[in-house]
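Dear colleague,

Please find below the structure that I am handing over to you.

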Amino acid sequence: GHGERLALLWREKQIDYTRLLTLSGRYKPFWEVTRAGLRYAAARLSLTLDDAAEEQLMNQYRHLSAFPENREVLVELHRRGIGTGILSNGDPQMLGVAVKSAGLTELLTHVLSVHGVQRFKTDPAAYALGPQALKMPAHEILFVSSNGWDAIGATWFGYTTLWVNRSGMPPEQLDTEPTYNGRSLRDVLAHFPPAP
């Protein structure tokens, strides 16, 4: 009966912990941070979380479904000859499982994890992984995120950004806006010419 509240607090604390660790010059793999966030959220809501329930929830996190349009958009980008990738706070093993379970492995050119730099987004070292891997300047890369804070961090880094604001959240109030705003991943297609 507390699923929505637990999920929201879990995500909030997960991101809080990435910021706390990065600002403090410390690092833990994102999977450990995710588990710590779950434990905090359960304790905060006074929910009993035995080992079996914790593992069940963590395994659900590992196998999150992609949004329905994601596959069709990635297929179309691939058809147009556009390289695609993920730049994630997730550690490599976690990303490998998530990408495979979402059925997107063959559609992604790059799966980049901050694990190598041991700095979470919005640290510039995390965002630098994209231009390094693609061998392109950040402003020539369309960085797409459904998190407003991530879109702002990427904008500050120098990416051309698209915030996929699925739920109509208000913009971040830091005198910076993403380059573009959209409501679904389909909005990415407007930024690349159709295949001949």
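In what follows, a residue is called buried under 20% relative accessible area, exposed over 50%, and partly exposed in between. By that scale glutamine 118, with a relative accessible area of 42%, is partly exposed. Please bear in mind throughout that this is a predicted model.

Glutamine 118 is also of interest for its backbone: its phi is near 55 degrees, a positive value in a residue other than glycine. The residue sits in the loop between strand 2 (110–113) and helix 6 (124–127). A positive phi of about 55 degrees is likewise found at lysine 135, which is not a glycine either. Lysine 135 belongs to the loop between helix 7 (129–134) and strand 3 (142–145), and its relative accessibility of 73% makes it exposed.

Overall architecture

The protein contains eight helices and five strands. Read from the N terminus, their order is α-α-α-α-β-α-β-α-α-β-α-β-β. The radius of gyration is 17 Å, close to the 16 Å that the globule rule gives for 196 residues, so the protein is as compact as a globular protein of that length. Along the principal axes, the C-alpha atoms fill a box of roughly 55 × 35 × 35 Å.

Of the 196 residues, 41% are buried. When contacts between residues at least 6 apart in sequence are considered, 53% of them join residues at least 24 apart. The accessible surface amounts to about 11200 Å², and carbon and sulfur atoms account for 54% of it.

Charges and salt bridges

The protein carries 20 positive and 20 negative side chains, and the centres of these two sets are 3 Å apart. Side chains of opposite charge can pair when their charged atoms come close. The structure holds ten salt bridges, and I describe some of them here.

Arginine 35 and glutamate 55 meet through their side chains in a salt bridge, with an N to O distance of 2.7 Å. This pair links distant parts of the chain, since arginine 35 is in helix 2 (residues 30–44) and glutamate 55 is in helix 3 (residues 51–62), 20 residues apart. Arginine 35 counts as buried at 16% relative accessibility, whereas glutamate 55 counts as partly exposed at 35%.

A salt bridge also joins glutamate 54 to arginine 39, where the closest N and O atoms are 2.9 Å apart. Here too distant parts of the chain are linked: glutamate 54 is in helix 3 and arginine 39 in helix 2, 15 residues apart. In this pair the glutamate is buried, at 6% relative accessibility, while arginine 39 is partly exposed, at 47%. Arg35, Arg39, Glu54 and Glu55 are linked in a network of salt bridges.

What does glutamate 72 form with arginine 186? The two form a salt bridge, and their closest N and O atoms are 3.0 Å apart. Glutamate 72 lies in helix 4 (residues 70–79) and arginine 186 in the segment after strand 5 (180–182), so the pair ties together parts that are 114 residues apart in sequence. Glutamate 72 is partly exposed at 45% relative accessibility, and arginine 186 is partly exposed at 43%.

Two further positions

Leucine 87 lies in strand 1 (residues 85–88) and is buried, with a relative accessible area of 14%. Apart from its neighbours within four places in sequence, leucine 87 is in contact with Leu112, Lys121, Ala126, Tyr127, Leu129, Gly130, Phe143 and Tyr159. Its C-alpha atom is separated by 21 Å from that of glycine 37, which is 50 residues away along the chain.

Glycine 25 is located in the loop between helix 1 (3–23) and helix 2. With 56% relative accessibility, glycine 25 counts as exposed. Between the C-alpha atoms of glycine 25 and glutamate 54 there are 28 Å, the two residues being 29 apart along the chain.

With kind regards

Technical notes
Residues are numbered from 1 along each chain as its sequence is written. This is a predicted model: local features need pLDDT of at least 70, side-chain atom pairs count only at pLDDT 80 or more; totals for chains, interfaces and linings use all residues. Side-chain values use heavy atoms; hydrogens and water are left out. Helices (H or I, at least four residues) and strands (E, at least two) are DSSP runs, numbered from the N terminus. The radius of gyration is taken over C-alpha atoms; the globule rule is 2.2 Å times the number of residues to the power 0.38. Buried means under 20% relative accessible area, exposed over 50%, partly exposed in between (1.4 Å probe, protein chains only). Contact means heavy atoms within 4.5 Å. Accessible areas come from the Shrake-Rupley method with a 1.4 Å probe; for residues, only the protein chains shown count as cover. Lys and Arg count as positive and Asp and Glu as negative; His and the chain ends are not counted. The place of a charge is taken as NZ of Lys, CZ of Arg, CG of Asp or CD of Glu. A salt bridge is a side-chain nitrogen of Lys or Arg within 4 Å of a carboxyl oxygen of Asp or Glu.
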